[in-house]
Amino acid sequence: MLFDIDIRKTLQAGSRSFALNLQLQSSSQRIVIYGPSGAGKSLTLKAVAGLLRPEHGHIRLNGRTLFDQRAGVNLAPQARQVGYLFQDYALFPHLDVRQNIAFGLSRGWLNPRTGVRHDAVEYWLRAFGLETMAHQLPDELSGGQRQRVALARAIVARPRALLLDEPFAALDLSLRHTMRRELSDLQQHLQIPIVLITHDPQDVEIFGDHVFQLRDGRLDAQETAACHLPASEALACGNTTICR
Ligand SMILES: Nc1ncnc2c1ncn2[C@@H]1O[C@H](COP(=O)(O)OP(=O)(O)OP(=O)(O)O)[C@@H](O)[C@H]1O
C-alpha cells in the first residue's frame with residue numbers, strides 16, 4: 001500500500017471546533033483529494049507532512065511509518081522525506097531563487113548562503129528554465145516562475161512523495177493549463193507519488209487516478225466516485241472509485 005492514512009484530530013478555534021476523521025488507503029501514484037472549502041483538505045496534507053499532529057491513528061507511506069500514535073512514532077517533517085507545495089507557494093521573500101530552492105536541501109532552519117552551489121539545485125534551475133533568474137527575488141518573478149521555484153524546492157531533495165495544495169489556484173487560465181501539463185509530465189518522469197488537493201474538476205480529470213471526496217472532515221461516501229470515465233470503465237472499490 002503506497003498511502004495508508006487513518007487519522008483523527010479535533011481543532012478548536014474559539015467556540016468552533018472541527019473534527020478530521022479520515023481513512024484513506026491507496027496504491028495509486030496520483031491521488032486527488034477534492035472537496036469544498038473548509039472540508040479538511042489542507043489539514044490532511046499537513047498531517048502527512050508532519051506539520052499537524054493527529055490525536056489518534058497512523059500514517060504510512062509505502063510501508064514506512066511516519067506517524068503511529070499507539071507505537072509512539074512521530075517523525076519530524078524533515079525526516080519524513082515528503083515534498084510540500086503550499087497553496088501560496090510560501091517562498092522566502094528575502095532569499096533569491098537559487099537560495100529558495102537550496103532551502104529544500106537544508107536540514108535546519110539556517111538560510112542557504114547567497115551564491116550557494118549544489119548539483120541538485122543547478123539541475124532543477126536548468127530543468128525549470130530558471131537559470132537566468134537564479135539571483136532574483138520571488139517578487140521579481142511571474143506567477144508561473146514562482147510556482148516552478150516552489151516545485152523545485154519541494155522536489156530538490158528527491159522526496160518519497162509530493163503533496164500539492166491547490167498548485168494551480170493562483171495562476172491564470174492559460175498558465176494553469178501549461179503548468180498542469182508540466183506537472184503531469186514531471187510526475188510521470190520521476191514516478192513520484194503525488195497527493196493533490198483541489199476544487200477544480202480539471203485537476204481531478206488529469207491527476208485523479210484515485211479520487212477522494214472530502215466533506216466536513218470525512219470522506220464523502222456518496223460522492224467519492226469523482227471518476228470521469230463511464231461506469232463500465234471505472235472500478236468501484238468501497239467508498240472510492242478507481243479510474244482505469
Ligand atoms: N489551526 C486551526 N485551529 C482551528 N481550526 C482550524 C485550524 N486550521 C484549520 N482549521 C479549521 O479546519 C477546517 C478545515 O480547514 P482546511 O484548511 O483543512 O480546509 P480546506 O479543505 O483545505 O479548505 P480550502 O479549500 O478553503 O483551503 C476549517 O473549518 C478551518 O477553519
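**Figure 1. Pairing of β1 with β4 in the predicted model.** The bridge partner of Phe3 in β4 is Leu61. In this predicted model, β1 and β4 (residues 56-61) are joined by six bridges and pair in the antiparallel sense. Asp4 stands opposite Arg60 of β4.

**Figure 2. The hairpin of β1 and β2.** Strands β1 and β2 run antiparallel and are joined by eleven bridges. Thr10 has Ala19 of β2 opposite. Two residues lie between the strands of this hairpin, where Gly14 takes a positive phi near 60°.

**Figure 3. The hairpin of β4 and β5.** Four bridges hold the antiparallel pairing of β4 with β5 (residues 64-68). His58 has Asp68 in β5 as its bridge partner. The hairpin has two residues between its strands, and Asn62 in the turn has a positive phi of about 50°.

**Figure 4. The open sheet.** The strand order is β2-β1-β4-β5-β6, five strands in an open sheet with antiparallel pairing. At the edges are β2 (16-26) and β6 (73-74), each of which pairs on one side only.

**Figure 5. The shell around the ligand.** Eleven positions are shown: Leu11, Ala13, Phe18, Gly35, Ser37, Gly38, Ala39, Gly40, Lys41, Ser42 and Leu43 surround the ligand. The most comes from α1, with three residues. By class, the shell has five nonpolar, five polar and one charged residues.

**Figure 6. Helix α1 and the residue that follows.** The buried residues of α1 are Lys41, Leu43, Thr44, Leu45, Ala47 and Val48. Of these, Lys41 and Leu43 are also among the residues that surround the ligand. Just after the helix, Gly50 takes a positive phi of about 90°.

**Figure 7. The largest nonpolar core.** This core has 54 residues. Those with the most contacts inside it are Val32, Ile33, Ile101, Ala152, Leu163, Ile194 and Val195. Helix α4 (residues 143-155) supplies the largest share, six residues. The core draws at least three residues from each of domain 1 (3-81 + 160-243) and domain 2 (92-158).

**Figure 8. Surroundings of Leu163.** Leu163 is one of the core residues with the most contacts inside the core. Neighbours within four places in sequence are left aside in this view; the remaining contacts of Leu163 are Leu45, Val48, Ala49, Val82, Gly83, Tyr84, Leu85 and Val195. Among them, Leu45 and Val48 are buried residues of α1, and Val195 is another of the core residues with the most contacts.

Figure 9. The protein is divided into domain 1 (3-81 + 160-243) and domain 2 (92-158). Seven residues of domain 1 are in contact with six residues of domain 2. The side of domain 1 that touches domain 2 has six nonpolar, one polar and no charged residues.

Figure 10. His135 lies in the loop between α3 (119-127) and α4. His135 counts as exposed because 12 other C-beta atoms lie within 10 Å, and the class takes in residues with 12 or fewer. Not counting residues up to four places away in sequence, His135 touches Asp96 and Arg98. Between His135 and Gln99 the C-alpha to C-alpha distance is 8.4 Å, with 36 residues separating them in sequence.

**Figure 11. Positive phi at Ala90.** Ala90 is not a glycine, yet has a positive phi of about 50°. Most residues other than glycine have a negative phi. Ala90 is found in the loop between β7 (82-85) and α2 (97-103). With 13 other C-beta atoms within 10 Å, Ala90 is partly exposed.

**Figure 12. Positive phi at Gln191.** Gln191, also not a glycine, has a positive phi of about 55°. The loop that holds Gln191 runs between α5 (173-190) and β9 (194-198). Gln191 counts as exposed because 7 C-beta neighbours lie inside 10 Å.

Conventions:
Residues numbered from 1 in each chain as written. Predicted model: local features only at pLDDT ≥ 70, side-chain atom pairs only at ≥ 80, totals over all residues. Domains from an automatic or database assignment. Contact = placed C-beta atoms within 7 Å. Nonpolar A, V, L, I, M, F, W, Y, C, P; charged D, E, K, R; others polar. Near = placed C-beta within 6 Å. Core = buried A, V, L, I, M, F, W, Y, C linked by C-beta atoms within 7 Å. Buried ≥ 20, exposed ≤ 12 C-beta atoms within 10 Å, placed from the backbone. Pairing = 2+ DSSP bridges.
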